[in-house]
Amino acid sequence: MASRNEEVLREAFMTKRSQNKSPFTPTNWKDRWFVLTPHNLIYYDGDRNSGRKREKGRVDLSKVWAVESVEYSAFQKDLVFQLVYGSTADTESVTLYIAASSAHDHDDWLEHIRSLVGNNTNLAEVFHKGALLRNQWSCCRGPKDAVACTPVTWTRNNNATPGMLCPEVDRSGRPRRYCYDQPSPSPPLNQDNMLPKKIVVAIYDYNPTEIGDLPLRKNEEYEVLQDAEENWWRMRNRNGEEGYAPSNYVKEKASLGLQQYDWYLGDATRQRAEFILKREEKEGCFVVRNSTTTTGMYTLSVYSKQPTPQVKHYHIKREGDLYYLSQSIKCRTIPDLIFKHKYNPGGLCTRLRSPPTHGRQPPTTAGISHDKWEIDPNELNLLEELGSGQFGVVRHGKLKCMDVAVKMMKEGTMSEEAFIEEAKVMTQLQHTNLVQLYGVCSRHRPIYIVTEYLRYGSLLLYLRQKEKHLITCSEQLLDMCLQVCEGMAYLEKQRFIHRDLAARNCLVGSQGVIKVGDFGLARYVVDDEYAGSGGAKFPIKWAAPEVLNYMRFSSKSDVWAFGVLMWEVFTCGRMPYGKLRNAEVVDRVQSGQVLERPTYCPETVYELMKLCWTHDVDRRPSFADMRCQIVEIQEA
Ligand code: AMP
C-alpha cells in the first residue's frame, strides 16, 4: 500500500505490459491499479470489481529518465506510454509500458508524471518510440543495445523550479529540435481522399435519439468524415462505426486546449461561476473561465469557507510564456499551474481541490439529429401542462429520454405552412442562451412545436415570484440581462430578428441560466389584434419608434425592446408604463420620455437602458456593444 504519508495524486486502472518476459513469448498485458504519489508510481494486483489488492511493484520516480508515448505500431495498441528508468540511460534501463483507457487519461498521466520527474538530473535526450520485440527495436530496427533513435518530445530544465518546461535548449545549451508543446510534424492522412485527417475529441458524452447517429464518449477521439454542415458532422469512432454527431460536442484535437478539463468553463460569466461554486459549497472547489475583459486571458474562481463563505476571482497573469497567479509559482501551461496550486495555495485563499461535480453542462444540439426537424408524435410522451400562451397550451414531454416542451398550436393562430418551412432554419440556430427548437410535428392538427424544456418556466413569472429575494441583488439581475444579451447578440450575428423580445418570452433553466424563446414567431401570428401596431395585442410597450411609425423591424428594434426587458428585470416583473393605455405610451415614446429608473437599479445600469432607447437607429448600440458595456459594469 502507498504508506500513510505518501500522498495519492492520481489513481486509475490501466493495463501494463509484463516485464522481464522471454523475448519470444507473445506480449502480455495485465490490468493493474496504478497509484501516483509524489515519489513513486506504484501498481497493485486487482481487477475492476475487487479493486486494489497486493502491491506488485513500484517505480522510484527519481530514477526515471524518460516519460514518452509509444507509437501505435509497436503493440498495435493505442494510448500506450512508457517510463524508462534505471541506473544509467542505456543498457541497465527498464521500460514500463502502460496503456491508458482514454486519450484524456493518457495525456493526464503523462503530464503529471512529467511534472514530478522534472528535476531529475538524468533526463534523457533520446528514447525509442517503439518497443523491443524479438530483440529488435520496432522503431529503428536496431538491436537491443542500439542507441535510442528519437529525440525526446519533452524535457525539463534541471535548474528550473519544478513545473517549468525547458524551452528550446538542451542541457548543453544547444537548440533543441523538439519541444513539449510543439505540434506533431505532419498530421495523418485520410485514406479516402489523401487530405489530412481531421481528428476531434469529444468534450461531452452524446447519446443519440435517432438510429444511425453516432454516440460520443467524452475524451475519446473520432475522425471527421464530413464537415460541410455547421452543426452535424459525420464521424467515425475507433471501432470503425460511422454516423452523424453534433459538432458542438467535439473539439479538434490540435486545438483542444483547456476544453478537455472539467474545471474549464469557457465563456461562463463571473456570476455563473459564483452560482455554480456556491451551490457546491466545497472548500477549494474551483473553475477556470475565459476572462470577460481580455481576450485570450483566463480567470480562476475559487470557493473558500474562510474567513466567511465566498468565491474569489484571480486573473491568471502572463509573463513571457509563463502563467502565474502569484510570483512564487510560474508555469508554462495552465494545467501545470493548477496542478501546482493543488499542493500549495501559493498566495490564494485556499489550495485548489476539485472542480464542481455539476459544472459544465452539455449544450443543446441544433435539432434532434442531422437533417431532421419532423418529429413523429408517437415518439412523444406528453406529461403535465406547463402553461398557456398566445398560441395555446404548452406541455412538458419526453422525446425518447430527453425532456422537451411541446407547444400545441391552437388552430388558426398561425400561418402554419410558412412557419413549418422556417422551422427547418430555426432548428439550426443554436446558442446557450436561446431556447432550442428541436422540431415540429406538422403532419397532424394541431401542429406541435417541440423545444428544449426549461424547468423554471417564464422569466417574467420567475421575477415576480422571487421579487423579495431578487430585487436588491443587482449583480444577479444584471447577469440575467447579460445572458439575454448574449443570446440576442448571436441572433444579431445570424441576421435573425426576434420581433417580440420581452421577459414573458424568456425562460429560466437550472444553474440560473436564462434563454430567449419564441424568436421570429411573431411573423406567423394570424391575429388582426396582434398584426399591426394599432392592434390591441401588439406589444407596443416594447416597440421602438421606427416600429410604431413604419413597422420597421431590425436587430436595432430588438435592442430597444431589450432596454425595456432590462427595466422589467430590475423591477422584478412590473408592467412597463403601468396602466397607461397604448395611445398614451406611443405619445410618451414619440415625445422622448423614457421609463423611470427602477428603485434598486444602479445608475450605470440605467444609463445602459437609456442607450437602448436612443431614437436615432444608427446611434443606438448593437447587442455586441451592449454586451461589452454590461461586462464592463460587472467587472468594475
Ligand atoms: P408561451 O406560449 O411560450 O407563452 O408559453 C406559455 C407558458 O408555458 C410559459 O409562460 C411557461 O410557463 C411555459 N413554457 C413555455 N415554453 C416552455 C419551455 N420550453 N420550458 C418550460 N416551460 C415553458
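Tutor: In this predicted model, ring pairs join Tyr 204, Tyr 206, Trp 232 and Tyr 249 into a cluster.

Student: Why is the pair of Tyr 204 and Tyr 249 called edge-to-face?

Tutor: The ring centres of Tyr 204 and Tyr 249 are 5.4 Å apart and their planes stand at 65°. Rings pair if their centres lie within 6.5 Å, and planes over 60 degrees apart count as edge-to-face, so this pair is edge-to-face. The pair links distant parts of the chain, 45 residues apart.

Student: What makes Tyr 204 count as buried?

Tutor: Tyr 204 has a relative accessible area of 12%. Buried means under 20%, so Tyr 204 is buried. Tyr 249, at 7%, counts as buried by that cut-off.

Student: Why is the pair of Trp 263 and Phe 286 called tilted?

Tutor: Their planes are at 35° and their ring centres 6.4 Å apart. Stacked requires planes under 30 degrees apart and edge-to-face over 60, so the pair of Trp 263 and Phe 286 is tilted.

Student: How do you know that Phe 286 is buried?

Tutor: Its relative accessibility is 0%, and buried means under 20%, so Phe 286 counts as buried.

How values were computed
Residues numbered from 1 in each chain as written. Predicted model: local features only at pLDDT ≥ 70, side-chain atom pairs only at ≥ 80, totals over all residues. Heavy atoms only, no water. Phe/Tyr/Trp six-rings, centres within 6.5 Å; stacked < 30°, edge-to-face > 60°. Helix = DSSP H or I, 4+ residues; strand = E, 2+ residues; numbered from the N terminus. Buried < 20%, exposed > 50% of the residue type's maximum accessible area, 1.4 Å probe, protein only.
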